[in-house]
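Open the model in your viewer and show it as a cartoon. The stops below say what to select, in order.

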Amino acid sequence: MLLLHAITAAEAPGPPEARGGLRGYPLRRVEHGGLAAWATVWEPTARPLDRADLLASHTLLLELGDCVPARLPTWLADEAALEARLAERAAELAATLDRLRGTCELALTLAWRDGSTMAARRTESAATAAPAETTSHTAPPPTDAASHTAPPPADAASYTAPSPTDAASHTAPPRADAVRTARLVPATLEPGAGARYLRARQRALAEADERRARAEALRARVEWAAGSRLRGARHQLCPSERLALSSALLVPRAEAAAVRARLRGCLRRADDVRILVNGPWPPYTFVGLGREA
Amino acid sequence: MNDELDRLREGLREVRGALPSRIDVPSEGVEQGLAQLVLTLVEFIRQLLERQAVRRMEGGSLTDEEVERVGLALMKLEQTVHTLATQFGLQPQDLNINLGPLGDLL
């Protein structure tokens, strides 16, 4: 049984011949139509794949360089089956390999800082000046200010949400991004509970919209920072309560360090988020996203 | 409401072809999976209604009595959805669908 790792061009040098696959099992190279597939010869009785295997596969892909990573795990019966799979998808794989050649993926995460408020974000937005131009970009960075001008509904400030345990003892409304999981239904319904519920939703939705607008502004700034080096991007706005933005950026491998530095530089004034940049990695996110990239 | 529907329509158009052509459905999880799917769609519609109600309230087209009535109805609907979810062993955060490259439905 074979555990497929990646596809490279047949002429690519690949890792040293003595290099094994995962867990020291043999590494096989199967060639077809100008493509080479790299796979570990797996023992059917081996223990299930774990985190260490995932990291080992990642290391192997880094050594392979330009490649189309396979979904892990992708199992094939034997070398004949692998060659047949290569033959079946040769044109698609070659096109993907061409598209991804010389590129890598940077993973950018922007996490909301604890205690950050929309007021602080508005202040930051207003104070943020255009980052110094260090590249050929001539357009100013996307401004955030426009997305931060809408104040919360006037009547929302005085709203008190009913508590499930004590309908009379009202507490602060939920965080906007917890709108899906908020438990606002009181055990007993007092007069006006419906109106208070709807106004709680009004405030939560307004805050969620504002956070999303802020995340959208950050996304625009990220793309501006990466500039012409950006070959593709996939963004998730507010993917969780703690995160403002999660982005996968496809950039030339030779310029990954420059893009990282520029991202950090352009986002340094965004004091409502913490910045985490990982990579460069193999372009995992962009293997199946040709049209979007 | 039209904005949300347009966004959903656009999202479905984009996701077409990006989703796997086969879906692994383990037999032991069919009941819970079906409940999760149905309740997620109900929750999605409930949230659309909620946004529409808030907009109408902001626009002043609802009387105080109507605001109270709509609020109570949405509150009870939310409670019912969560009660049903609990009966199927689902948490509120389970009421969602990952749309691959597009992220989550809710």
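**A bridge in the sheet of chain A**

Start with A:Ala107 and select its bridge partner in β8(A), A:Ala248. The model is a predicted one.

Now widen the selection to the two strands, β6 (residues 103–112) and β8 (residues 243–252) of chain A. They run antiparallel and are joined by 9 bridges. Strands in a sheet pair through backbone hydrogen bonds.

Next, show the whole sheet. It is open, has 4 strands in the order β7-β8-β6-β9 (chain A), and its pairing is antiparallel. Color the edge strands, β7 (232–237) and β9 (273–281) of chain A; each of them pairs on one side only. From one strand to the next, the twist averages 15°.

How do the axes of α5 (residues 193–226) and α6 (residues 256–267) of chain A cross? They come within 9 Å and cross at roughly 135°, which makes α5(A) oblique to α6(A). The crossing is right-handed.

Show side chains where the helices meet: A:Arg221, A:Val222, A:Ala225 and A:Ala226 from α5(A), with A:Val259, A:Arg262, A:Leu263, A:Cys266 and A:Leu267 from α6(A). This contact has 7 nonpolar, no polar and 2 charged residues.

**Chain B**

Finally, select chain B, which has 3 helices and 0 strands. Of its 106 residues, 15% are buried.

Methods. Residues numbered from 1 in each chain as written. Chains lettered and ligands numbered in written order. Predicted model: local features only at pLDDT ≥ 70, side-chain atom pairs only at ≥ 80, totals over all residues. Buried ≥ 20, exposed ≤ 12 C-beta atoms within 10 Å, placed from the backbone. Axes fitted to C-alpha atoms, helices over the stretch in contact; angles between N-to-C directions. Parallel < 35°, antiparallel > 145°, perpendicular 65-115°, else oblique. Left-handed = near helix turned anticlockwise from the far one by under 90°. Contact = placed C-beta atoms within 7 Å. Nonpolar A, V, L, I, M, F, W, Y, C, P; charged D, E, K, R; others polar. Pairing = 2+ DSSP bridges.
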